[in-house]
Structure formats: structure tokens, C-alpha cells
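Keep the picture open while you read.

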Amino acid sequence: MKRFDCMKLLAAKLKDELVVLSLGGSVDEWFTAAPHMREASLFQQQLGCLTPEAFGLAVGLPHRRIVALDTDGGMLFNLGILATLANERPTNLTVFIWDNECYQSIGCPPTHTAGIVDLEGIAKGAGIPHAYTARNLEEFERLATDALALNELHMIVAKVEPMVEPDLVRKQSDGFEDTVTFVRYIEKTENVSIIGPTEHN
Amino acid sequence: MSITQVAVNEILQGLLEAHVSVACFLPESLMKELFPALVALEDLRAIPVTNEGEGAAICAGVWLSGKRAVLVMENSGIRSAAEALARLGIGAHIPVVMIMSYRGDLGEPNWWAIPHGITMEPVLNALRIPYRIIRQVDEIRTAIAEAYVTAYASLNHVALIMASDVISY
């Protein structure tokens, strides 16, 4: 199963949701697969922070669905968030994990999921009952459809090939521009002020 | 020894006056009376976390939503949160306001807490995080208000460090 194909399926299901996604090859794949979600997507470059940030958004905007697009390496960096999510149970958070079993952006040395480590099992053990693994596109679409339809915390591990789709549109912006773009979109859609204006602006 | 009830009340009042609605925390001993008080506060959601970096990232997400959060921890937490704070603050300009206890200050009787005092200010400075060491209870509310003003104007983190006589060893 290719991550890019999963992304295209998922993108077609999203409209008013907010997305937080991880670093590496998935950035340009999501930028290309979901052009209608570019303003609504926060492109982050930090292992272990992404799902916690998505959870923080879910806490602050309980009426809105938040989608985290995390990775095996990112989730393994801070498995503690699964325990926090299990206790806090955000009903408006859906976590997808692109599990390619390697650190792809540095040449694909294996992550622990290349061994016997099972992120779905870890999540279930933490206390997240709606944790699943998709191994083909049909499974992924069914699980994603269910997760986005239900008001319950879901975590879906998508077992994907260790590859990046060729000929992608490249995202040109840096972290600051990404933050401001995302904040302006939230300000516009939530009718709130987050950055500025200042006294003489 | 720990924090006085007056100081706990001032912190709670300061957070509410600053319109803070979420507090992420990893409990520690010097402010131990603060944590159940945060949990009991009706107008604030208290979220226990597994490590300080996770707490920083959750607070970052709350800020992105247009709400205000605080990360409460021991000063050793600045070390474990350093990776998240560097990427969130210097990399993405997403601010996190922190309240931490000053372990390892002069008068610290525990050998294991000495590294916290030695490393706190160098780590804060390395991360380019402005901070204020608060030694008097009547400084607390103003410091909290000013921390949010500076953090959100600069899009950078700010740390408030509760020291003796706000806390005691």
C-alpha cells in the first residue's frame, strides 16, 4: 500500500477538518494529495510533537474534527501521548500513522516497527479501544470512513511502502510561514484573533 | 516544604485573569499543592502529561486554536522539553508559557536537584527563552499577565520560575 494513495483517499473525505502532519516525505505528498486542505494543514517538523499538538487543537476547538497524520518514527519518539490520549479521550481527534517501518528521510534505517513492535497493540494496551491497522487500500478506506464518521478517538496505523511518490508539488514555505498560514485560516474560520493586531499596526 | 497557599491562590488567580483555559502539568514536589488546585479549578482544564515535551506540544496546539495554555513543571522539565521547545519556538514560532519551580537554587538541600539549578538558566538562554525568577508572592499575578503579553507578541516561549520565598525547600 502506498502512502500517497491513502492520502488521496483521505483527502477526498476532508473539508472542514484541521490537519497536523509530520516531517519527511509525507509533507510534499500531502501538499500534492490535498491541495484544498493546504491552509487547513499545519506542516510540522518535529518528531513526537505532532499528535500532542493535534490533541491541543482538539482541546481548544472541541466542535471541530482534528486529524493528525503522524508516522511510526514520530509516535515511537513519544509513546506517552497514547497514555495521555487514552485518559483524556478527545472525541474530535483522529490519528493516522503512516507506518513505513523506517526513517525514510535519512535513507530508511529501520524503526522498531520493522521488528515485532505493534503500534495498534500499544495503543490498545494504553486504553485506546478504537486502534486499528490497515494493510491495504480497501481496509484503509473503510477504517478512515468509520473513524471520521464517529465522535470517538481513533488511531489508524497504515502499513505503507517505504517510498516517496515521484513528481510531487514541492511545498516552498518554512516553519514560520506554515504557522502563520495555519493561524490565519483558523482565525478566518473560527472568527478569532490569534496573532495581532498590535497597537500601532 | 513546598509552596504557600497564598502563592497557589495567586497563581490560579493570575492564570484566570490571563484567560488561560488549559494547564498541562507534570507533578513535582515544590509546587505539589498547586496541582490538585489546578485540577479542581472549574474554568480551567488540567491535563496531566507523561513528559514536559509532550506538555509543551499540547500547549502549542491550544495556542493554535486561539485559546491560552500553561505548562507547569519542575525546572528540570526544561531539559526534557528542550527538543520540543526549540522546534516549536525557534523553528515554528509557536509560543508556550511555562511556570516552573526553581530546584537547585541556593539553599537546595538535595544533591539530586543541584543539576537542575546549574542547567536551568543556561538551557533557557540557549533556547532564547525570556524568563523571570519570582521571589515574592505579590509579583506573581503581574508576571503571569506580562508573560502572556510577551509570549504572544514575540511568538516565543516565556518562563516564570517560582523561587524562594514563593516556594521553600
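## Where the chains touch

This is a predicted model. In the contact, chain B puts in 27 residues and chain A puts in 32 residues.

So which parts of chain B do the touching? Three elements of chain B each give at least two residues to the side that touches chain A: strand E2 (45-48), helix H3 (52-64) and helix H5 (82-91). H3(B) has the largest share of that side, with 9 residues. Sort the side of chain B that touches chain A by class, and you get 15 nonpolar, 8 polar and 4 charged residues.

## A covered strand in chain A

Now hop over to strand E6 of chain A, residues 154-159. How many of its residues are buried? The count is 6 of 6, so this strand is mostly covered, given that a residue is called buried when 20 or more other C-beta atoms lie within 10 Å of its own.

Check both faces of E6(A), and you'll find each one covered. His154(A), Ile156(A) and Ala158(A) sit on one side, with Met155(A), Val157(A) and Lys159(A) on the other, and all of them are buried.

## The strand's partners

E6(A) pairs with strand E4 of chain A (residues 93-99): the two run parallel and are joined by 6 bridges. Look for Trp98(A), which stands opposite Ala158(A) in E6(A).

Strand E5 of chain A (residues 131-134) is also parallel to E6(A), and 4 bridges link this pair. Here Thr133(A) stands opposite Val157(A).

Conventions
Residues numbered from 1 in each chain as written. Chains lettered and ligands numbered in written order. Predicted model: local features only at pLDDT ≥ 70, side-chain atom pairs only at ≥ 80, totals over all residues. Contact = placed C-beta atoms within 7 Å. Nonpolar A, V, L, I, M, F, W, Y, C, P; charged D, E, K, R; others polar. Buried ≥ 20, exposed ≤ 12 C-beta atoms within 10 Å, placed from the backbone. Pairing = 2+ DSSP bridges.
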